[in-house]
Structures are given as structure tokens and as C-alpha cells.
Amino acid sequence: MQQKTITTDILNIAYREYGATDGWPCIMGHGFPYDVNAYAETAPILAEAGARVLVPWLRGYGPTRFRSASTLRSGEQAALGADLLAFMDALDIRRAIVGGYDWGGRAACVVAALYPDRVIGLVSGNSYNIQNIARAMEPASPPEEAALWYQYLFHNERGRRALERNRRGFARQLWAMWSPKWAFDDATFERSAVSFDNPDFVDVVIHSYRHRYALVAGDPAYAEIEARLAGQPQIRVPAIAIDGDSDGVNPGTAHHARKFEGFFERRVFTDAGHNLPQERPAEWAQAVIDVRTAAAA
């Protein structure tokens with residue numbers, strides 16, 4: 001494993017690379033509030049299977065940095081998708097297996113939906129991760145609303161201050177609630193928690209959870225992408241969607257199947273929560289290998 005940095009128009013993106021440089025390209029994205037350590041066990045399995053595995057820190061996390069102080073610290077879905085596409089361009093990767101969960105899965109879904117010629121296959125935690133912002137104010141069931149307490153807190157300045165003052169406390173609370181059967185230890189948490197010390201972490205997180213409810217404007221640089229995402233585009237590349245049966249924030253996504261065309265399979269990881277690749281590394285790696293096989297067929 002090597003840690004490297006690549007420069008795009010907007011970011012200096014830090015990433016971990018596993019496997020041979022001439023391996024089949026595979027890009028995996030982490031979620032909030034996690035980091036690249038989510039793939040610390042999954043990536044070597046894929047590298048052993050012949051993959052060149054690339055795991056970037058998202059904007060606002062770890063060593064990844066904005067190049068300009070004037071750039072809006074946006075966490076909107078279009079920005080995440082654009083970052084993934086720019087990452088591929090900077091590394092001269094024409095097509096890749098892409099995947100992830102939470103924010104990283106959203107970026108992968110955005111690229112798979114809007115730029116299918118760049119994607120060999122998709123592995124997505126919680127299936128169709130593209131937000132339907134036009135319907136963001138439609139209420140869900142009471143248990144689902146209760147699970148989203150942190151998002152509503154981030155809508156006001158009390159939430160911003162709370163996250164700024166206690167990033168680790170918030171993250172650890174969410175880890176425990178979202179993956180109740182995952183017995184992670186202090187060392188495992190701390191390896192990821194250092195990524196939340198990024199100077200842009202709070203701004204990016206707060207913007208993300210306000211933008212998805214149309215409470216703040218997005219970055220005009222991504223307006224065209226957001227407009228295309230508003231149409232809730234189908235995903236037509238080969239895809240495997242994964243849920244954990246003990247996910248404390250997402251009750252399951254079987255109803256998302258209609259958003260996929262072509263090869264599609266949904267898997268449920270037993271006793272797994274939200275952080276799917278870190279909780280079930282071998283099963284996640286197998287899904288990546290399987291979607292590549294399906295794409296080749």
C-alpha cells in the first residue's frame with residue numbers, strides 16, 4: 001500500500017493505492033463519518049485478485065485539501081461526483097469499477113448514472129444513493145425520522161458548533177448507532193478519527209446536510225450536474241447493491257431496484273451495519289469481483 005496525492009482543478013486529493021499499477025482499476029469511496037481505513041482489509045483482497053485499488057480521502061477529510069481559499073466548501077452530491085470524475089481524469093483512468101457507501105457510494109452512483117462510459121461496474125452500499133432534493137421535505141416514517149436526528153441538528157448553528165467542538169464524539173456516537181453489532185475498538189476508531197481534523201471537515205459536512213434539504217445553495221460550478229441529477233437518472237451499468245441487515249440509519253433499499261437497468265443484484269450482509277466494507281471486507285471484495293465478472297459477460 002502506498003499513500004499518494006494527485007492534483008485536480010479544485011483539490012489536492014490524497015489517496016491510498018494497493019496492487020500493481022497495471023492491474024484492473026478499482027476506485028472505492030468512504031462515507032461520513034469514516035475514511036479510507038474502511039477499505040484497509042478489503043483493498044488487499046482485491047489487489048491479490050489483480051486489481052489496482054485506489055481509495056481517496058473525500059473533500060474535507062484527511063490529507064485532501066482545497067487548492068483555493070475562495071472555493072465553496074460544498075458537500076453536495078454533484079461535487080462528490082465531479083471529484084471522482086476529476087480523480088479518474090488526473091490518473092488517466094478511462095474506465096474503472098467504482099463503488100462505495102454513504103457519501104462515497106453517492107459519488108460512485110453519480111458517475112455511473114451520468115457518465116456510464118467511464119464505469120465498468122458499480123458496487124453501491126444502500127443502492128441508489130442519488131438524492132431526490134425536490135422531495136427532501138416529504139416526511140418518512142417516525143423510526144426513519146428519528147434516525148436522521150444528526151442531519152436536522154446540522155441544519156442550525158447549534159449543530160455546527162457541536163460538530164466543531166466535538167468531532168470525535170459525534171462520529172463515535174454515529175458509528176455505534178449505525179453499526180450496533182460491530183465491536184470496533186478505540187484504536188480502530190482513532191485511525192479514522194484523525195481524518196476529521198481536516199480544516200474543511202465541518203464546513204463540508206454542514207453544507208452537505210443543508211444542501212440535500214435545499215436549505216442552502218450549491219456551488220454554481222456544479223449546477224449543470226445537479227440539474228441532471230434532479231431528473232433521478234437510471235443507472236444502466238452492471239451493479240451490485242448491498243445493505244446491512246443491522247444498519248441503524250438505513251432501513252433497507254429493496255425498493256431501489258427499479259432505478260437500475262441491465263445486470264443488477266441486491267445483497268444483504270448478515271449482522272452488518274452501515275460501514276459495510278470495514279465490517280464485511282471479504283464479502284465486499286467478492287461483490288466487486290462479481291460485478292467485474294458480470295460486466296465482462
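## Briefing: fold and local backbone features of a predicted model

The protein chain carries 31 positive and 35 negative side chains, and the centres of these two sets are 3 Å apart. The structure is a predicted model. Its protein chain contains 12 helices and nine strands. The radius of gyration is 17 Å, close to the 19 Å given by the globule rule for 297 residues, so the chain is as compact as a globular protein of that length.

**Overall dimensions and packing**
- The C-alpha trace spans about 50 × 40 × 40 Å along its principal axes.
- Of the 297 residues in the protein chain, 58% are buried.
- Among contacts with a separation of 6 or more, 77% are between residues 24 or more positions apart.
- The accessible surface amounts to about 12000 Å², and carbon and sulfur atoms contribute 50% of it.

**Annotated domain**
- An unreviewed UniProt entry places the feature "domain: AB hydrolase-1" at residues 29–276.
- Over residues 29–276, the chain is 38% helix and 13% strand, with the end C-alpha atoms 12 Å apart.

**Backbone geometry**
- Most residues other than glycine have a negative phi, and most peptide bonds are trans.
- The peptide bond from F32 to P33 is cis, with omega near -10°; P33 lies in the loop between strand 3 (24–29) and helix 1 (42–48).
- D102 has a positive phi, near 55°, and is located in helix 3 (residues 102–114). With 9% relative accessibility, D102 counts as buried, the cut-off being under 20%.
- D271 also has a positive phi, of about 60°, and belongs to the loop between strand 9 (264–269) and helix 11 (276–279). D271 is partly exposed, at a relative accessible area of 33%.

Conventions
Residues numbered from 1 in each chain as written. Predicted model: local features only at pLDDT ≥ 70, side-chain atom pairs only at ≥ 80, totals over all residues. Heavy atoms only, no water. Helix = DSSP H or I, 4+ residues; strand = E, 2+ residues; numbered from the N terminus. Rg over C-alpha atoms; globule rule 2.2 N^0.38 Å. Buried < 20%, exposed > 50% of the residue type's maximum accessible area, 1.4 Å probe, protein only. Contact = heavy atoms within 4.5 Å. Areas by Shrake-Rupley, 256 points an atom, 1.4 Å probe, with all protein chains shown as cover. Lys, Arg positive; Asp, Glu negative; His and termini not counted. Charge placed at Lys NZ, Arg CZ, Asp CG, Glu CD. UniProt positions renumbered as here; feature names shortened; annotations may be inferred.
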